[in-house]
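User: Could you walk me through this model, beginning with whatever terms I need?

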Amino acid sequence: MNARGDRQDGLRAAVDAYCARIGADPLLVQGAGGNASWKDGDTMWVKASGTWLAEAQRADIFVPVDLAHLRDAIAVGDFDVAPRACAGSALRPSIETLMHALMPQTVVLHLHAVEVLAHLVRPDFAGPAPAPWCWVDYHKPGSALAGAIAARLREQPDAQIVFLQNHGVVIGGANAAEVDATLAALLACLRTEPVAPVAAVTADMAQLTIIPDAGIQQLALDPRLYKRLRNEWALCPDHVVFLGAEAACYADADSFIAAQAAGAETSLAFIAGVGVFADKDFGAARTAQLRCYYDVLARQPSGAALTVLSAPQLAELLDWDAERYRLAMAR
């Protein structure tokens, strides 16, 4: 093995270990959400769509793509370019592969970190951040978002942090340790104490079972959080893709029972003052997204207005083959 090969093996091992560590922290990564990459000459290794960062040391979750091809396309403004996999992998590169190619740093991390999201869903975010940064308004993930990021990076080429409205954060660094240091400093800047929980109750709702997560239960038990469900449900792309465009809310248990008797098909139900219930197929991926939603809401100042995705933005997410594929893989 030559020196360059040793360095790349060491880089991959460091990225794998880092991804596995942060992937196990639900305040940083939720199920198949988020992605990472590293560059090796004209090749970029990027997380495959639908895979979990937490599995980086247990499974082959990264796909090598032709970085030179992507950079040639970016240079002429072609953000619809399809990444070319360099090896015969059955996995698809992340739908956000261009985001990683746009960042000049060797290692790039994209997370839906709760402490950051809690600020990015507000209309008045203004920092602070521990390194040069830029802000990108909400765009559909993929080519539209890549084009918007490219425009901001042309204006601020020294940016190491890119904040994505209602979506997440992108951090670039020379290696995993540098990315981790930037992330730790950013979290320290933006950390918010969650609201105190409301006392839980025990309930049985026939076809559905109560989700065994004390935080998620607060969405129905805490009147402040429950009030946000109807009008401030659609905060982030992953939340919508995994949990749908609106929340099924019921004022009381009788309302829920009546809806079930009338044939309502509800896989997830929020019953005010009673609890949050789901069917047996709800799964870990959707539970992770729902817990993230709670964690973000619990960090909002009382009465603070939040920015939600519009009806057209919801439609383009839910009618997208790339997201259907990712959802199927995550399940």
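Analyst: Two strands pair if DSSP finds at least two bridges between them, and strands (E, at least two residues) and helices (H or I, at least four) are DSSP runs numbered from the N terminus. This is a predicted model, in which local features need pLDDT of at least 70, side-chain atom pairs count only at pLDDT 80 or more, and totals for chains, interfaces and linings use all residues. Residues are numbered from 1 along each chain as its sequence is written, and side-chain values use heavy atoms, with hydrogens and water left out.

User: OK, which residue in β10 is the bridge partner of Cys249?

Analyst: The partner is Phe270, and β9 and β10 (residues 268-271) pair in the parallel sense over 2 bridges.

User: And in what order do the strands of that open sheet run?

Analyst: The 4 strands follow the order β8-β11-β10-β9, with mixed pairing. Because β8 (209-210) and β9 (249-250) each have a single partner strand, they stand at the edges, and one side of each is left without a neighbour in the sheet.

User: Switching to backbone, what is the phi of Asn166, and is that residue buried or exposed?

Analyst: Asn166 has a positive phi of about 55° although it is not a glycine, and it lies in the loop between β6 (161-164) and β7 (168-173). Asn166 is buried, at a relative accessible area of 1%, where buried means under 20%, exposed over 50% and partly exposed in between (1.4 Å probe, protein chains only).

User: Which peptide bond is cis?

Analyst: The bond from Gly127 to Pro128 is cis, with omega near 5°, and Pro128 sits in the loop between α4 (114-120) and β5 (133-136).
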